[in-house]
Amino acid sequence: MTKDVAPEDEGVRPFAVPISEGFAQEAAQTLRHYREMVERCLGECEEPSQEAPVRQDVAWIAATPDPVGTARGSLHGMLLDVGGMSWETAVDHVRALEHDIGRKPPPVWSPLIIARAVLESCLVFDYLFDPSISGALRLARGAGLWRKDSDHSANLAKILDQEVQAAGLSAEITRALANCDISARLSASGKVTGYVVDGEASNLDYVITERVRERLPDWIPMPYGLLSGAAHGRPWMTDRARWIGRETGGLVGEAATVMTAIMVVMASLEMGLRTWQGYFGLDFETDLAELDQYRQIMSLRLMGFAHATE
C-alpha cells in the first residue's frame with residue numbers, strides 16, 4: 001500500500017498539511033475556550049422549568065403506587081447519576097484532547113480517538129435524557145443499558161476469575177428491575193433483548209451509527225466511520241500518515257485530523273447542551289448561538305494558521 005506519488009485528483013485540500021506549532025497552540029486554545037463557554041453556560045443555569053420533562057418524570061413516578069413507585073424513583077435517580085457521570089467523562093476527554101493537540105511530536109491519529117470518547121459519552125447522556133421520549137421509555141432504556149453493562153462485567157469476570165461476583169450483580173439487577181415492574185423482552189432462545197415499562201419498549205442498547213446520524217447537529221457530516229478507522233488503526237487511514245512522512249520514515253499527523261477532532265467535540269457538546277436544555281427545561285438559545293458563531297469564526301481562523309508560511 002506504499003505510495004510514491006500523491007494521488008492525481010487530490011489537489012490542495014483545506015488543513016491537508018502537517019501540524020505546525022502555531023496551529024497546534026491556536027487549535028488547543030480554541031477548544032479550551034469552547035469548553036469553558038459550555039461549562040459557564042451550565043454553571044449559570046437555573047432550576048428546571050415547571051414544564052420540564054424531568055419534572056414530568058418525577059410527577060409520574062410519584063403518582064405510581066408503592067412499592068413500585070419508590071423502586072422506579074431509585075432507578076430514575078441512578079440514571080441521573082449515570083447521566084452526570086457520562087457528561088463529566090466527556091468533559092474530561094475534552095481536556096485530554098486540549099493537551100494532546102499541543103504535544104511534541106504532534107499527534108497523528110490520537111485526536112480522533114479522543115474525540116470518539118467524547119462523542120460516545122455524550123451519546124449516552126443524550127440517549128437517556130432525550131426530552132422527546134416518555135418517562136416509561138426512559139426507564140426502559142436505562143434498564144437495557146444496565147443489563148448490557150452487567151453482560152460486559154460478566155465477560156470481564158471470566159478473565160479475572162470473578163464470576164461469582166458478576167453473577168451476584170446480575171441477580172441484583174434482575175431483582176431491582178422486577179421491583180420496578182419492568183418486564184424483560186426475550187428472544188426465541190430465551191435471551192434478554194430489551195425491556196418494557198408500562199407498554200413502552202426499548203432494546204438493550206442503541207445502534208451507535210444511527211444515533212450519531214440522528215442526533216448530531218446537521219452542520220457536521222457523519223464522522224463515526226473516520227473515528228472508528230482511527231481507533232482500530234485501519235490501513236486506509238494509517239497509510240496516508242505514512243505517505244506524508246515518507247521522507248522521515250515515520251508517521252506524520254495532519255491539521256485536518258485535529259480539525260476533525262475539534263469539530264466532532266464541538267458537535268457532541270452542542271448535542272449535549274440541547275439535551276440539557278430540553279430535559280431540564282432550560283434556555284440556552286443565546287449561548288448556543290454564541291457557540292455556533294465562535295465555531296464558524298475560529299474554523300476560518302485556524303485555516304489561516306494551518307496554511308501559514310514562515
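Reader: What am I looking at, and how many helices and strands does the protein chain have?
Author: It's a predicted model. The secondary structure of the protein chain comes to eleven helices and three strands.

Reader: In what order do the elements run from the N terminus?
Author: They go α-α-α-α-α-α-β-β-β-α-α-α-α-α.

Reader: What's the mean pLDDT?
Author: The mean for the protein chain is 88, and 88% of its residues reach 70 or more. Over residues 1–10, though, the pLDDT is below 50. Beyond near neighbours in sequence, that stretch has twelve contacts in the model. Where pLDDT is low, the predicted coordinates should not be read in detail.

Reader: OK, noted. What share of the residues is buried?
Author: Buried residues make up 45% of the 310 residues in the protein chain.

Reader: And of the contacts between residues at least 6 apart in sequence, what share joins residues at least 24 apart?
Author: That comes to 74% in the protein chain.

Reader: Let's do helix packing. At what angle do α1 and α11 pack?
Author: About 175°, with the axes of helix α1 (residues 21–43) and helix α11 (residues 285–306) 10 Å apart. An angle over 145 degrees counts as roughly antiparallel, so α1 is roughly antiparallel to α11.

Reader: Which residues make that contact?
Author: From α1, the list includes F23, H33, Y34, M37 and C41. On the α11 side, L291, Y294, M298 and F305 are among them. By class, the contact of α1 with α11 divides into twelve nonpolar, four polar and four charged residues.

Reader: Switching to α4. How do α4 and α10 sit, roughly parallel or roughly perpendicular?
Author: Roughly parallel. The axes of helix α4 (residues 110–129) and helix α10 (residues 255–280) cross at roughly 15° and come within 9 Å. Angles under 35 degrees count as roughly parallel, which is why this pair gets that label.

Reader: Left-handed or right-handed crossing?
Author: α4 passes α10 in a left-handed crossing. The contact of α4 with α10 has 17 nonpolar, five polar and one charged residues.

Reader: And what about α4 with α7, at what angle do the axes cross?
Author: Roughly 80°, and the axes of α4 and helix α7 (residues 208–215) come within 11 Å. The range from 65 to 115 degrees counts as roughly perpendicular, so α4 and α7 are roughly perpendicular to each other.

Reader: Which residues meet there?
Author: L119, E120, L123, D126 and Y127 in α4 meet I208, R211, V212 and R215 in α7. By class, that contact has five nonpolar, no polar and four charged residues.

Reader: I've got my eye on T275. Where does T275 lie?
Author: T275 lies in helix α10.

Reader: Buried or exposed?
Author: Buried, because its relative accessibility is 2% and the cut-off is under 20%.

Reader: What is T275 in contact with?
Author: Leaving aside neighbours within four places in sequence, T275 is in contact with F125, D126, F129, D130, P131 and R215. D126 and R215 also turn up where α4 meets α7.

Reader: Last one, K148. Where is K148 found?
Author: In helix α5 (residues 135–160). K148 counts as partly exposed because its relative accessibility is 29%.

Reader: What does K148 touch, leaving aside neighbours within four places in sequence?
Author: K148 is in contact with L204 and D205. K148 and N203 are 9.9 Å apart in space, C-alpha to C-alpha, and 55 residues apart in sequence.

Conventions
Residues numbered from 1 in each chain as written. Predicted model: local features only at pLDDT ≥ 70, side-chain atom pairs only at ≥ 80, totals over all residues. Heavy atoms only, no water. Axes fitted to C-alpha atoms, helices over the stretch in contact; angles between N-to-C directions. Helix = DSSP H or I, 4+ residues; strand = E, 2+ residues; numbered from the N terminus. Left-handed = near helix turned anticlockwise from the far one by under 90°. Nonpolar A, V, L, I, M, F, W, Y, C, P; charged D, E, K, R; others polar. pLDDT = per-residue confidence, 0-100. Contact = heavy atoms within 4.5 Å. Buried < 20%, exposed > 50% of the residue type's maximum accessible area, 1.4 Å probe, protein only.
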